[in-house]
Amino acid sequence: MTAAADTSSGAATAAPVMDNPVLSVSGLTVSVRGDEGERAVVSDLSFVLTRGETLCIAGESGSGKSMSSLAVMGLLPQPQARVSAGSILLGDLDLTTLSEKRMQTIRGNRVAMIFQEPMTSLNPVLSIGRQLIEAIEAHTSLSGSPARARAIEALKAVRIPEAESRLKQFPHELSGGMRQRVMIAMALALKPDVLIADEPTTALDVTVQGEVLELLRDLQREQGTAVILITHDMGVVAEMADRVIIMRNGRMVEEGTISDIFERPQVDYTRELLAAVPRMGAGRAAMPAQPDEQVKPVAVAEVHDLHVRFDLHGGFFGRVTRRVHAVEGVNFSIAPNETLSLVGESGCGKSTTAKALAGLLPYSGDIAVGGRNLAGLSRDERKAVRRDVQMIFQDPYASLDPRMRVGDLVAEPLLIHGIGTPKERVDRVAALFERVGLTADQMERYPHEFSGGQRQRICIARALALRPKLIIADESVSALDVSVQARVLKLLRELQNEFGVAYLFISHDMAVVENISDKVAVMYLGQIVEMGTRDQIFDNPRHPYTKRLIEAVPVPDPARRRARFARLDSEIASPIRRIGDPPAKLQLLDAGGGHLVAAH
Amino acid sequence: MTNPIAPDAQAASRMPVKRRPGVLGLLLKRPLAVIGLIIIAITVLGAVFAPWLTAYDPNEQLFDGLTLEGAPLPPNAAFWLGTDLLGRDLLTRILYGARTSLIIGVVANGAALLIGTLVGVTAGYFRGWIGGALMRFTDLMMAFPALLLAICLAAVFQPSLWIVAMVIALVNWVQTARIVFTETSSLAEREFIDAERTIGAGTPRILFRHILPHLLPTIIVWGTLGISTTVLLEATLSYLGIGVQPPTASWGNIIFENQTYFQAAPWLVFFPGAAILALALAFNLVGDALRDILDPTQRGRA
């Protein structure tokens, strides 16, 4: 903790709460019209926001946290949703009574908002300069070159290097973190009184998340903007908040200062929420590392010198001009009953590795499943071997055919591989449903009738149907709420003990990885930079990138707020290279006890 | 694991567990679909039982079917829908004409949809050189004038209703193919198709069980839109002497023969026109209902 952070949190607590509220919401109720009449999605929400304060609204999906912020912005989805009671006072102005036209002058100017997905909230066909300048011109008397100067100033404020030349760039030319910075620049260019940030870092990589959060904090300190931060991530809450509101089912269940919430939670729900957060270090306590067995059983999957490259065509004749080196010489093996985690940030090739292993992508190199190399097998033999490798995807809704009943979906692998009679299949599917915590009578339903966590259970049942030896879980818990995530992880562990299945667990979340893995491999730009047992990686990270990843995880403890985060203002290196210019291969050296580290 | 996501479990248990009724049962619960089915049934029955439903011959030029001045008769007690320029009973001609028009509207149009879907799905799923070749061929057909093709075919074969059906099928599949191609190529990128591959599903299973059902709404919409246009296209072709030859009746050629007399004898255009409209509308209503019924995510949301 440095002095700077101390003074900021000190100032926030010292400021009298009633002094000069920027925004005060009282008795806010938002109703949505549905099939069964009107239903309140937010009921009786009240809070006061003072200048320079950060209020975190935390809760799981469906708790009404986003709806409340949209109500403040006057952006509720029309015509289904409306504010049915309460008031939102911005200074002396009640926003609920304003016309759409008046609201437009407030929006962006006095209340600004940042959304979760920076790519979808920027217009893809306009340059970022044009979008920024337009926003400035719409709300101020500035136009032409003064507006442009203001835009450059705003980009510089969010620490975008070479701000001037960036104005001409389009959203797709920027990385996710850069895009989110542009969004912040846009939101803060007009020096609003209130900034609402709805899950601003959820779509970003952890290291980028750290930078963006710190940037928000700095800008707030400089400009005195009040911030409402909406998040499901208690780590982010601990990092950022002065005060916290916990919401559940549209109601505020608890409100308090950051230390009250984390150290003296009053309500059971808050306690549950905090307990569900995966914490670094907790995994080792819960699941001590197994002693290293000397007798090595046959690996369920062995990957040797795996390469996946995609050609990019360019030029007039569509020749291959550049190549994406997605995976460059990856080696690992997974033993039965073992969990190997592949971690890294987006674009590092971890999902590509998984897809190659699952047979979804062409590759070069060797993949052996159960000791049999897939390369030399006929189609039918390969299909038989592939039975042993199943996959669970990140988004369970996208990976289930929406037009099929879930029972049929789970039975499908059995049908394809000709296992059992129809009657036996139904029984087996019913048993699988029971095993993953669903009931057999839910088999007749369709995927959209389930919640996210239930859908992921269906996907797990489907992956288990063939009794595979290896299940690849590609970011399988990333899209779930923390409490659901904790239960799904527990289920995965139980199934591992029961069936002896091995997992290849792909994730960007170091805290989750620490909780579930036996072994960890860290990937960067298509290559493994460090690999070892969980304890080796987390207790003694050797590679700077691994250290950076571990450091970037927000700790759900306000007392351990990070002060400074090593910043990386340059763009992340790209795996796209010209033909004849392959990336240099990293040499992995043994740092003792099988702990492999790339030279750096 | 004792409390898996409590609110959802409650929401799920509120829904009554019952056997899902069949497609026809669900169709009969929708008033609009029932109206559509009735109109289709009337048309089909009218076409099949035409000789028993009317006292006249469709091609007979009745002596009392014209006024003394030789003008056609408006609807009256003897001729319910009036008579045409040659003194033939219009109702009888519409009933017999339904035979031609149903063949064109349903069979030819259906064949066009089938070809279009097959080409579109194959091109969209396999891409590569197969997809490229198929889609370039589609572009070629799109640029090819339908009338020229029809005239060429008629020169080679005897002019008949089947030539018309063939021409319509050969001309109309291109739009379907284009649209199905686009949809298939985006469906093929969806994650659940990848998920199917990981459980070992083969290409036929993916195409027929997982891609085709998602294309149904598009196919239904294009199929119903095609009915009215093909019925009229048949009239154009017949007019050029390629299709059914006079005096054989079809809805299209009744309109075509009489459109110049629209002001003097409006019923001659109005009734066959209304028949085409009603048939197209009926298929549309049934198609819409089918689309909603076959889409499980829409179920229960009328």
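## A tour of the predicted model

Start at A:Asp198: its bridge partner in β8(A) is A:Ile230. Strands, and helices too, are DSSP runs numbered from the N terminus (strands E, at least two residues; helices H or I, at least four). This is a predicted model, in which local features need pLDDT of at least 70, side-chain atom pairs count only at pLDDT 80 or more, and totals for chains, interfaces and linings use all residues. Residues are numbered from 1 along each chain as its sequence is written, while chains are lettered from A and ligands numbered from 1 in the order in which they are written.

**Stop 1: the sheet**

Select residues 194-198 and 226-231 of chain A. These are strands β7 and β8, paired in the parallel sense over 5 bridges. Two strands pair if DSSP finds at least two bridges between them. Touching here is contact: C-beta atoms, placed from the backbone, lie within 7 Å. Then show helix α8 of chain A, residues 176-188. Helix α8 packs on the sheet too, touching β6 and β7 of chain A, and its direction makes about 175 degrees with that of β6(A).

Now show the whole sheet. What is its strand order? The order is β6-β7-β8-β3-β9-β10 (chain A), in an open sheet of 6 strands with mixed pairing. Find the edge strands, β6 (111-114) and β10 (251-257) of chain A; each pairs on one side only.

**Stop 2: the largest core**

Select A:Leu357, A:Leu470, A:Ile472, A:Leu504 and A:Val522. They have the most contacts inside the largest nonpolar core, which has 89 residues. A nonpolar core is a set of buried Ala, Val, Leu, Ile, Met, Phe, Trp, Tyr and Cys residues joined through C-beta atoms within 7 Å. Buried means that 20 or more other C-beta atoms lie within 10 Å of a residue's own, with C-beta atoms placed from the backbone. Helix α18 of chain A (residues 452-464) gives the most to this core, with 6 residues.

**Stop 3: where the chains meet**

Show both chains. The contact takes 24 residues from chain B and 34 residues from chain A. On the side of chain B that touches chain A, α9(B) gives the most, with 6 residues.

Notes. Buried ≥ 20, exposed ≤ 12 C-beta atoms within 10 Å, placed from the backbone. Contact = placed C-beta atoms within 7 Å. Axes fitted to C-alpha atoms, helices over the stretch in contact; angles between N-to-C directions.
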